[in-house]
Amino acid sequence: MPRRTALITGVTGQDGSYLAELLLAKDYRVFGVVRQSSVFNTGRIDHLFEKVDSSRFDYVRGDLTDGSSLGRLLRLIKPDEIYHLGAQSHVQVSFEIPEYTADADGLGLVRLLEGVRELDLRPRIYNACSSEMFGSAPPPQDETSPLQPCSPYAAAKVFAYHLARVYRSGYGTWIANGILFNHESPRRGERFVTRKITRAAARIKLGLQDELVLGNLSALRDWGYAPEYVDAMWRMLQASEPGDFVIATGESHSVQEFVEATFALAGLDWRRYVRTDPAYLRPVEVDALRGDASLARRVLGWQPCVNFPELVRIMWEADLQRERILLEGTAAHAAAAVP
Ligand code: NAP
Ligand code: GDD
């Protein structure tokens with residue numbers, strides 16, 4: 001069978017980097033869309049550029065807000081599978097830049113799907129939806145739960161979810177909606193709450209930081225491990241027909257529980273270091289998310305293995321190691337700078 005070609009939007013993000021690794025291990029040829037930035041933004045995939053030949057892994061410049069760039073790269077690559085992960089993915093930030101969020105997260109999919117249609121391509125497409133779409137709908141949430149978005153981000157994802165279904169039924173586009181609940185890892189962005197907590201605990205432990213300032217400690221989230229969730233994305237595109245799938249652990253924990261578990265690993269009393277500030281509260285909060293992934297288990301054979309304490313441990317250990325290396329590096333640089 002000839003090697004399949006995959007295109008990943010959002011390849012520089014947490015999920016994109018794990019997915020690129022997974023697809024390369026499965027012998028795909030992988031292209032990732034990288035957007036222009038004034039600083040290097042390929043930190044999560046630089047190891048792949050170093051290890052993998054450019055005939056197997058390469059990037060193409062593009063932006064979800066620029067339809068012409070998407071058309072050009074679709075014409076160039078003619079992918080067999082498209083994993084559409086690119087998005088302005090921070091919920092609180094979406095209240096500050098709602099128009100851009102709607103453009104990138106909502107209209108970005110329109111541009112991609114129209115590009116595919118204009119070129120008469122027939123790829124299988126994965127669309128990254130979100131458990132945030134359920135918003136105020138009570139847990140447990142599954143594929144039949146009402147969509148009650150509570151942020152510009154979630155509203156844009158609901159638009160993209162419906163758009164995918166319209167193209168599926170109207171044009172026969174092969175597109176799957178992955179409704180993933182929160183998934184985390186050492187590669188998680190530092191402004192999402194889990195990484196903010198594990199990084200701060202490591203820095204406090206090493207004497208680099210005095211306190212951790214958070215918002216709502218009582219929100220409940222269903223936190224899984226990102227490498228397992230990108231495997232679910234791949235499985236969705238190998239199914240006999242496109243569908244909508246919830247991916248979740250089925251367990252939820254509060255932000256405070258995440259704090260407690262991390263600080264316990266650090267051997268620190270969290271109450272001495274954590275304070276709350278209304279600056280981190282959202283205009284509308286999603287109180288409780290807990291997913292039911294029975295359909296994915298049945299149809300895709302997918303189920304998570306890494307549990308909550310294990311996830312916290314993985315992230316805490318990675319941040320402690322990273323901060324130690326940075327500290328030693330800084331000390332070495334400081335010593336070298338002494339005349
Ligand atoms: P992430 O780390 O924030 O990565 C987002 C990616 O999108 C980055 O590569 C980013 O590029 C890119 N991007 C942003 N705006 C873009 C634009 N205008 N044009 C092209 N690329 C753009 O997100 P993630 O955690 O990997 O999540 C992947 C997808 O799954 C997102 O769509 C997210 O909304 C969705 N999702 C995530 C979770 C979760 O818990 N992680 C759960 C449900 C759904 P830069 O690196 O240059 O910023
Ligand atoms: N980011 C952040 N920073 N969140 C905080 C903080 C803080 O200082 N303090 C408390 N929180 C609370 C938020 O109010 C929210 O209830 C919870 O921690 C999780 O926040 P995030 O880690 O920012 O994630 P999210 O749940 O809003 O969104 C993530 O998961 C979605 C899937 O449910 C993102 O990855 C989205 O892109 C994704 O769709």
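A polar side-chain atom of R282 is found 2.6 Å from an oxygen atom of ligand 2. This is a predicted model, in which local features need pLDDT of at least 70, side-chain atom pairs count only at pLDDT 80 or more, and totals for chains, interfaces and linings use all residues. Residues are numbered from 1 along each chain as its sequence is written, and side-chain values use heavy atoms, with hydrogens and water left out.

The table lists polar contacts of the ligand (pairs of N or O atoms within 3.5 Å).

| Residue and atom | Distance to an oxygen atom of ligand 2 |
|---|---|
| N182, polar side-chain atom | 2.6 Å |
| V193, polar backbone atom | 2.8 Å |
| R282, polar side-chain atom | 2.6 Å |

Ligand 2 taken alone exposes 700 Å², of which the protein buries 96%; these areas come from the Shrake-Rupley method with a 1.4 Å probe. Around the ligand are 23 residues, and S130, S131, Y153, R282 and E285 come nearest; a residue is counted if one of its heavy atoms lies within 4 Å.

Helix α9 covers residues 255–266; at 1.5 Å a residue its 12 residues should span 16 Å, which agrees with the 17 Å between its end C-alpha atoms. Helices are DSSP runs (H or I, at least four residues) numbered from the N terminus, and the expected span is 1.5 Å times one less than the number of residues. V255, F258, V259, T262, F263 and A266 of α9 are buried, that is, under 20% relative accessible area (1.4 Å probe, protein chains only). Seen down the axis of α9, these buried residues fall within an arc of 120°, so they line one face of the helix. Directly after α9, G267 adopts a positive phi of about 70°.

Notes
Chains lettered and ligands numbered in written order. Helix = DSSP H or I, 4+ residues; strand = E, 2+ residues; numbered from the N terminus. Buried < 20%, exposed > 50% of the residue type's maximum accessible area, 1.4 Å probe, protein only. Arc of directions from axis to C-beta. Polar contact = N/O pair within 3.5 Å; in protein donor to acceptor, adjacent residues only side chain to side chain.
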